Amino acid sequence: MNDLEERLGTAAEVRRTASTAPTYVVTGMLMLFLLIYGTRFIDGGLAQISNAATRERARSVVDLTIANGRVYLLLAIAKGLAVTALVWATSVILGIHASMFLGVIAGLLSVIPDFGIVLGGLPVLLIAAAFE
């Protein structure tokens, strides 16, 4: 019990950390609802537009947006997998331990726009530089 505050931090830090958990739970639940009932949400929203021409134009914009979003998501997943494989192979060639872990980290960070690949490759670069 004496080491509890040292290991966990102060009560304010524990309270602050515990208060973030509901945010992730609620966000995850809302995402699941959107995945399950998304088409009903869209249809219900478009049904609120009384003018038929405007409704159809809005539906075409929504359909195009959904198609573009799916393509972007698939390309982001493909880029993540490619970066994972490339970093893993490079780490194996350089003899860096935990190469698959580093590859997965780089692949996950590669979906960040503009500098994600650099940020993901930084741990491999630093480990390679430290052992040389």
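1. Is Leu46 buried or exposed? Leu46 counts as buried, at 6% relative accessibility; buried denotes under 20% relative accessible area, exposed over 50%, and partly exposed in between, with a 1.4 Å probe and protein chains only. Leu46 is placed in helix H2, helices being DSSP runs (H or I, at least four residues) numbered from the N terminus.

2. On the basis of the analysis: the model is predicted, so local features need pLDDT of at least 70 and side-chain atom pairs count only at pLDDT 80 or more, whereas totals for chains, interfaces and linings use all residues. Residues are numbered from 1 along each chain as its sequence is written, and side-chain values use heavy atoms, with hydrogens and water left out.

3. Leu46 is in contact (heavy atoms within 4.5 Å) with Arg55, Ala58 and Arg59, leaving aside neighbours within four places in sequence. The C-alpha atoms of Leu46 and Ala58 lie 7.4 Å apart, although the two residues are twelve apart in sequence.

4. The largest pocket holds about 350 Å³ of space. A pocket is an open set of points on a 1 Å grid over the protein atoms alone, where a 1.4 Å probe fits, with protein on both sides within 12 Å along at least five of seven lines; lining residues have an atom within 4 Å of a point. The volume is the space filled by probe spheres set on the points, which are joined across faces, edges and corners.

5. The lining of the largest pocket consists of Leu34, Leu35, Gly38, Thr39, Ile42, Ile66, Gly69, Arg70 and Leu73. Helix H2 (11–47) and helix H3 (52–94) are the elements that give two or more residues to it, and H2 supplies the largest share, five residues.

6. In helix H4 (residues 99–109), the buried residues are Ser99, Leu102, Gly103, Ala106 and Gly107. They lie on the same side of H4 because they cover an arc of only 135° around the axis, taken from the directions from the helix axis to the C-beta atoms. The face turned away from this buried side carries the exposed residues Phe101 and Leu108. The buried residues of H4 pack against H3 and helix H5 (116–131).

7. The largest nonpolar core has seven residues: Val83, Val87, Ile96, Leu102, Ala106, Val124 and Ala128. Such a core is a set of buried Ala, Val, Leu, Ile, Met, Phe, Trp, Tyr and Cys residues joined through side-chain atoms within 4.5 Å. H3, H4 and H5 each give two or more residues to this core.
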